[in-house]
Amino acid sequence: MKKNISLKTILLVILYTTVLIFFFIHLDDVLGILGVFLAVLSPVIYGVFIAYVLNYPYKMFYEHAFKKMGQKHKWLLKVKKPLAIALSYIIVIGIITFLISMMIPELAKSVQTFLDNLPEYEANLRAWTDDLADFIYNISGYNLYEMTSFNNIVTILTGSQTTEFFTNFASSIVPSAFTTVMGIGTGIYNWGIGIVISIYMIASKDVLLAQARRVIVAFTPDKFSSRFFHVCTVFNQKCGKFIIGKIIDSSIIGLMFFIGMSIFRFDYPLLISVIMGIANMIPFFGPFIGGIPSTVLLLLIDPMEALWFVVFLAILQQFDGNVLGPKILGESVGISGFWIMVSVIVGGGLFGIVGMVLGVPFFAAIFTLISQLVDKRMEIKAQRKALAEAEAEPADAGAPEVEEASPPVPKNTQ
């Protein structure tokens, strides 16, 4: 028998429908208000992100390195948490400051060297295309310069427009992108306030989490709150391990690129290593995003150097994909390569570079929740099917058949 729909349910459906219609009609206004709201809360958002990332080194110090602190001297218990927080921030900020101070002068020097040598690179590329055309003509007798498409490609690669493009790219786009990555500019204030907020959040995370949990439990049904906490746990496991693992993995890959390129005397080792390390944060497409401009840069200098760089890139990426990545990330993703590609494409289309990086752990968390839901539904269906089959069997179906006793034969009294 079907249940009657209550008036409360009808009113809620009408309310939700009205809100959705209003949202889509005034989408631009809603997004504008949301943008202003996020801009105001940006220091808090930065603080949450910093606290989330630095919580891992904090736990390493607090729960492992300082595990026995305070067992003999109880007054050390008051120093344990502040010391763990201070060491976490000092080490991370110190590493970032050291890398910036080392890389910025070298990167600026590499960009300036590239601009100074750009006419020479253009001449090298023109000579290489001439040698290629002569080689093909000697083997096959076919003149490449008779092909309009080949001439167009050579003109594009060696023409003044290409020189102007690389000049503008190196002089304006690269520094501004690097400035954005380093957080220099208008966001310094927000990041500074975010660091202060993150310190308070790590120091008071147990109290804040307990307060949030009490509010959710108090104002939501028990069924919803338990599911909500489970969803948060899955997202925390997937996103946290993936982000920290990717940072460590990309740092090691960038360092290996620098060491290898320095040993084999490739040009611009630091510049290309930084590009490859940052691009490696993007799953699946990262090696292509970083490798293509790096290969083009080396191609302008020497085509054979670009070829050997492609070989070196392929070997290092195989090592990362089959050895280093699984060792660091483990089973934090838990989805196939196809779904990784889909999540990167969708995340990048919706939220740009940030979406490409965070799309994989978010999709992995959603995939895990859906898999758990499917397993639970399949288990419930199996139980219902077994119960229905048990009820359909007759009560005496399993009892052994008993032969009816034959009536006694009367004795002959004669």
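**Close-up views of a predicted model**

View 1. The pocket has 22 lining residues. Lys-246, Pro-283, Phe-284, Gly-321 and Ile-340 lie nearest its centre.

**View 2. Helix H13 at the second largest pocket.** H13 gives the most to this lining, with eight residues. Sorted by class, the lining holds eleven nonpolar, eight polar and three charged residues.

**View 3. The largest nonpolar core has 25 residues.** Phe-257, Tyr-268, Ile-272 and Phe-309 touch the most other members. Helices H4 (77-116), H5 (118-140), H10, H11 (269-279), H12 and H13 each give two or more residues to this core. H13 gives the most here too, with six residues. In soluble globular proteins, nonpolar side chains tend to be buried together.

**View 4. Contacts of Ile-272.** Ile-272 touches Met-261, Asp-267, Ser-294, Leu-297, Leu-298 and Phe-309. Residues up to four places away in sequence are not counted.

**View 5. A second, separate core has eleven residues.** Among them are Leu-54, Tyr-58, Phe-61 and Ile-202.

**View 6. Confidence along the protein chain.** The chain averages a pLDDT of 78. At least 70 is the score of 78% of the residues. Among the elements, helix H9 (residues 205-219) has the highest mean pLDDT, 90. Helix H6 (residues 148-158) has the lowest, 51.

Conventions
Residues are numbered from 1 along each chain as its sequence is written. This is a predicted model: local features need pLDDT of at least 70, side-chain atom pairs count only at pLDDT 80 or more; totals for chains, interfaces and linings use all residues. Side-chain values use heavy atoms; hydrogens and water are left out. pLDDT is the predictor's confidence in each residue, from 0 to 100. Helices (H or I, at least four residues) and strands (E, at least two) are DSSP runs, numbered from the N terminus. On a 1 Å grid over the protein atoms alone, a cavity is a set of points where a 1.4 Å probe fits but cannot get out, and a pocket is an open set with protein on both sides within 12 Å along at least five of seven lines; lining residues have an atom within 4 Å of a point. Ala, Val, Leu, Ile, Met, Phe, Trp, Tyr, Cys and Pro count as nonpolar, Asp, Glu, Lys and Arg as charged, and the others, Gly among them, as polar. A nonpolar core is a set of buried Ala, Val, Leu, Ile, Met, Phe, Trp, Tyr and Cys residues joined through side-chain atoms within 4.5 Å. Buried means under 20% relative accessible area, exposed over 50%, partly exposed in between (1.4 Å probe, protein chains only). Contact means heavy atoms within 4.5 Å.
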